[in-house]
Amino acid sequence: ISSGNDAEYKPEFVNNYELGAKSTLPGGAVYLAAAAFFLDYTDLQVNQLVNVGGVPTFTTSNAAEAESWGLELEATWEPTDALRFTAAYGYLNGEFSDFQNATSSGEDYSGNQLPEAPEHSLSLNGDYRNTLTDTMDFVVHADTSYRSKLYFSPSNDPDYTQDAVTLLNARIGIAASDDSWSLMLWGRNLTDETYAVSRSAGVIIPGQQIQSLGAPRTWGVELRARY
């Protein structure tokens, strides 16, 4: 921040429209939900490299307009009192409807896909909980999630993307029937996938790339108590 630069920007606005339905089928074992949505952004706040007094500078600007629409589906099935399955799917189409002069060189990103907005996402979860004693239950949980390719940059530069990723997590253990305590063995990213959670260009060294990776396969034991 320098003299003459007050580092202020206007608020961004979004109009959000959603239409959906939820239903529990007769018998209560199956729950279904669906929703379609449309979001219209104006004065979108973006961080961009622009010329300020002839000097390329990173600044937050109300420089863009964007639209995002999609579909969300969810289903839960409980075949028994001890077993439950949940599935969710999301489709997302998000793009900049107007993003001119996006860089110090005046590039136009209009029509580009929004950063970190995968087109497809899917999750599947399974839970089993059954009585061991009058006060203790046996618990098993497993979940998997899928996310399609995404861009980390509004430029949609192929060097700053992450391909589709599927992750698998699980836990097994015992818990008090009233959930006052639990003891769990857990594992995350069990297939040991290597994937980026962020990736960007450096600003000091030409050609530099900076990235952060998701955690590799991890496991542990967890004891919880509630009073």
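Q: Is S61 buried or exposed?
A: This is a predicted model, in which local features need pLDDT of at least 70, side-chain atom pairs count only at pLDDT 80 or more, and totals for chains, interfaces and linings use all residues. Residues are numbered from 1 along each chain as its sequence is written, and side-chain values use heavy atoms, without hydrogens or water. S61 lies in strand β3, a strand being a DSSP run (E) of at least two residues, numbered from the N terminus. Its relative accessibility is 18%, and since buried means under 20%, exposed over 50% and partly exposed in between (1.4 Å probe, protein chains only), S61 counts as buried.

Q: Which residues is S61 in contact with, leaving aside neighbours within four places in sequence?
A: Contact means heavy atoms within 4.5 Å. With neighbours within four places in sequence left aside, the contacts of S61 are L44, Q45, V46 and Q48.

Q: What is the phi of D43, about how many degrees?
A: D43 is in strand β2 and is partly exposed, with a relative accessible area of 26%. D43 is not a glycine, yet its phi is positive, at about 50 degrees.

Q: Where does N156 lie?
A: N156, also not a glycine, has a positive phi of about 60 degrees. N156 is buried because its relative accessible area is 16%. Its place is the loop between β7 (150-151) and β8.

Q: Which residue has its backbone nitrogen 2.9 Å from a polar atom of the Q162 side chain?
A: Q162 lies in strand β8 (residues 161-162) and counts as buried at 9% relative accessibility. Beyond four places in sequence, Q162 is in contact with residues including R147, K149, Y195 and A196. The backbone nitrogen at 2.9 Å from a polar atom of its side chain belongs to A196.

Q: What is the relative accessible area of L183?
A: L183 is found in strand β10. Together with I172, W181, L185, W219, V221 and L223, L183 forms a nonpolar patch on the surface, to which β10 (181-188) and β13 (218-225) each give two or more residues. L183 is partly exposed, with a relative accessible area of 38%.

Technical notes. Patches are made of residues with over 30% relative accessible area and no salt bridge: like charges are joined within 9 Å, nonpolar side chains (Val, Leu, Ile, Met, Phe, Trp, Tyr) within 5 Å. Accessible areas come from the Shrake-Rupley method with a 1.4 Å probe; for residues, only the protein chains shown count as cover. A salt bridge is a side-chain nitrogen of Lys or Arg within 4 Å of a carboxyl oxygen of Asp or Glu. Helices (H or I, at least four residues) and strands (E, at least two) are DSSP runs, numbered from the N terminus. A polar contact is a pair of N or O atoms within 3.5 Å; within protein, one must be able to donate a hydrogen and the other to accept it, and residues adjacent in sequence count only if both atoms are side-chain atoms.
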